[in-house]
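This briefing is meant to be read with the structure open beside it. Please take the topics one at a time, and find each residue in the structure as it is named.

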Amino acid sequence: MDRLSALLMRMEFSADTFFEGAFCGSNHFPAQPGTGHLHLVRRGPVTFTHDDGTLLQVDVPSLVFYPRALAHGLDTGAGTARLLCATVRLAGDGDAVLDKLPPCLHIPLAQLPAMAGVLDLLFDEAQHGGLGQKLVLNRLCDVLLVQLLRHALASKLISASRLFGLSDAAFAKALAAMHDHPGRRWSVASLASLCGMSRSRFARQFHAVIACPPAQYLTSQRMLRAQALLKQGWLVQDVALEVGYGSQPAFTRAFRACTGLSPRDWLAQGER
């Protein structure tokens, strides 16, 4: 299995199309944790606005991808645009992978010849699809995202060394340990020992390749495991012990720091 496939097998991402067709006017997309946005502009113009005041003017058929939660708006002015829009929800290592991308990717479709076949299928399904159309559109958007990662690697929008650091052989045992047993009391020293490195060398190289300290990476794995268990109906106090926290309050503080919500509020938000 090639390195990108091996990495993508650990990602959990899904696209959910919510609009396709002619659009005139404006809309705003708030930042939602764990959610990105994909906009295919088949016909413009469209102006994308960002909270920091920057604007992105799209006048030709283009792909605009926000890999991470980023509030933004779109406006067609006095004209009408043809759009296909989808949310992209992330779990597993999805956040870690897409964190390597710029906050906004704008690529004219003319620069994506390798995606032409999928784009043709996507636009044809959007216009002529029948029963099961939404499912087909979602799956085609999933394929499009994989091809987008290929393009980002080939065009050096993502550093291959940083991206594949997630499956780098030097850290494979430490990463596997944190993925498989996030509730254990891992220390930098114990993780370094698994990789046959000194504590200082492991911490330094891990941060350089993975782009965060080992403790932060472990916390992210604990939160992903906690979210999965909460969805399965586990009690908060049992989840806290399972993912390595000595008390429910300590777990709740860590969970809130990661998601901005308490475990119960996070679950309630997902049910709305």
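The model shown here is predicted. Its protein chain has twelve helices and nine strands, and buried residues make up 43% of the 272 residues in that chain.

**The chain as a whole**

- Among the contacts in the protein chain with a separation of 6 or more, 69% are accounted for by residues 24 or more positions apart.

**An open sheet of four strands**

- In general, the strands of a sheet pair through backbone hydrogen bonds, and the pairing can be either parallel or antiparallel.
- Four strands of this chain form an open sheet, in which the order is β2-β7-β4-β5 and the pairing is antiparallel.
- The edge strands of this sheet are β2, which covers residues 26–29, and β5, which covers residues 55–58, and each of them pairs on one side only.
- From one strand to the next, the twist averages 15°.
- Strand β4 is joined by four bridges to strand β7, which covers residues 72–75, and the two run antiparallel.
- As a place to look along this pairing, T47 stands opposite D75 in β7.

**H50, a residue in strand β4**

- H50 is found in strand β4, which covers residues 46–50.
- Is H50 buried or exposed? Its relative accessibility is 15%, and because buried means under 20%, H50 counts as buried.
- The side chain of H50 makes a polar contact with the side chain of T54, at 3.0 Å.
- If residues up to four places away in sequence are not counted, H50 touches L56, Y66, A71 and H72.

- Side chains of opposite charge can pair when their charged atoms come close.
- How many salt bridges does a search of the whole structure find? The search finds four.
- In one of them, the side chains of D16 and R89 meet at 3.6 Å, taken from N to O.
- This pair links distant parts of the chain, since D16 belongs to strand β1 (residues 11–23) and R89 to strand β8 (residues 81–92), 73 residues apart.
- D16 is partly exposed, with a relative accessible area of 25%, and R89 is also partly exposed, with a relative accessible area of 40%.
- E20 forms a salt bridge with R82, and the closest N and O atoms of this pair are 3.2 Å apart.
- Because E20 lies in strand β1 and R82 in strand β8, the pair ties together parts that are 62 residues apart in sequence.
- E20 counts as partly exposed at 26% relative accessibility, and R82 is partly exposed with a relative accessible area of 22%.

- E242 forms a salt bridge with R225, where the closest N and O atoms are 3.9 Å apart.
- E242 lies in helix α10 (residues 236–242) and R225 lies in helix α9 (residues 214–231), so this pair ties together parts that are 17 residues apart in sequence.
- E242 counts as partly exposed at 37% relative accessibility, and R225 is partly exposed with a relative accessible area of 33%.
- Salt bridges that share partners join D16, R89 and K134 into one network.

Definitions and conventions: Residues numbered from 1 in each chain as written. Predicted model: local features only at pLDDT ≥ 70, side-chain atom pairs only at ≥ 80, totals over all residues. Heavy atoms only, no water. Buried < 20%, exposed > 50% of the residue type's maximum accessible area, 1.4 Å probe, protein only. Contact = heavy atoms within 4.5 Å. Polar contact = N/O pair within 3.5 Å; in protein donor to acceptor, adjacent residues only side chain to side chain. Pairing = 2+ DSSP bridges. Axes fitted to C-alpha atoms, helices over the stretch in contact; angles between N-to-C directions.
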